[in-house]
Amino acid sequence: MEGARPLDSGSSGVGVLDKAAAVLSALEAGPATLASLVSATGLARPTAHRLAVALEHHRLVSRDMQGRFILGPRLSELAVAAGEDRLLAAAGPVLTHLRDITGESAQLYRRQGDMRVCVAAAERLSGLRDTVPVGTALPMAAGSGAQVLLAWEEPDRMHRGLQGARYTATTLAGVRRRGWAQSVAEREMGVASVSAPVRGPNNRVIAAVSVSGPIERLTRQPGKLHGEAVVEAAARLSEAVKRGS
């Protein structure tokens, strides 16, 4: 007998896949102990444990600080890939509008491993500006875009990302509280920036939208100038991704 209650009756005919899907569905509700997984899925305890550990190997499942099972980062990466076309399709007009209302260059970044990559941009048309060409890879160790892409990560990945970074855990706590990040001469001397998170399915952060330019214009408190506009642009991109999901 497999457990206290049966799995979802919507079977694909591939038993191990159905059971793995049941584990992932159970974790959608939040962190779960092994006992919770057994109760939620109806799987035998050894089966639930074996599947959860196998899914953890493929980064589809992870663990929180209490050792409970949670959904893993690979799901977020797959969601990003699925939503990439929608994100990029919406990025052009949103970044152009952001550039026009702030007067500064606007960029969209996605995380790829230990780097963040500019996947879309709208450059300031004239005068002194911060230019980040599409395709540019920047380190995750500095800049408001990096702060945003790390601030909502799971604790162990965040801890690893903070090693060698020019910002701290306290900085990221402030980012989560405000909903935007700022940096001043952190990535490059003389440059300031403001970034906000773009969210995809399950409210996960999938990208960062930014404005950047010389400190002389953005000042040493660039968030006060452009935080609201950047958050609004990020919300528009989030809605575009979620509409198509």
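**Reading a buried alanine, a cavity and the overall fold**

Guide: Alanine 185 is buried, at a relative accessible area of 13%. Buried means under 20% relative accessible area, exposed over 50%, and partly exposed in between, with a 1.4 Å probe and protein chains only. The model is predicted, so local features need pLDDT of at least 70, side-chain atom pairs count only at pLDDT 80 or more, and totals for chains, interfaces and linings use all residues. Residues are numbered from 1 along each chain as its sequence is written, and side-chain values use heavy atoms, with hydrogens and water left out.

Visitor: What is the phi of alanine 185?

Guide: Alanine 185 is not a glycine, yet its phi is positive, at about 55 degrees. Alanine 185 sits in the loop between strand E6 (181-184) and E7. Helices (H or I, at least four residues) and strands (E, at least two) are DSSP runs, numbered from the N terminus.

Visitor: Is threonine 219 buried or partly exposed?

Guide: Threonine 219 counts as partly exposed, with 35% relative accessibility. Threonine 219 is also a residue other than glycine with a positive phi, near 65 degrees. Its loop runs between helix H8 (215-218) and helix H9 (222-243).

Visitor: How many cavities are there of 30 Å³ or more?

Guide: A cavity is a set of points, on a 1 Å grid over the protein atoms alone, where a 1.4 Å probe fits but cannot get out; lining residues have an atom within 4 Å of a point. Points are joined across faces, edges and corners, and a volume is the space filled by probe spheres set on them. By this rule there are two cavities of 30 Å³ or more, and the largest cavity has a volume of about 90 Å³.

Visitor: Which residues lie nearest the centre of the largest cavity?

Guide: Of its 14 lining residues, Arg116, Ser144, Arg187, Ser193 and Ser212 lie nearest the centre. Two or more lining residues come from each of strand E3 (105-112), helix H5 (144-151), strand E7 (191-199) and strand E8 (205-214). E7 gives the most, with four residues.

Visitor: What share of contacts do residues 24 or more positions apart account for?

Guide: Contact means heavy atoms within 4.5 Å. Among contacts in the chain with a separation of 6 or more, residues 24 or more positions apart account for 57%.

Terms used: 1 Å grid on protein atoms, 1.4 Å probe; cavity = no way out; pocket = protein on both sides within 12 Å on 5 of 7 lines; lining within 4 Å.
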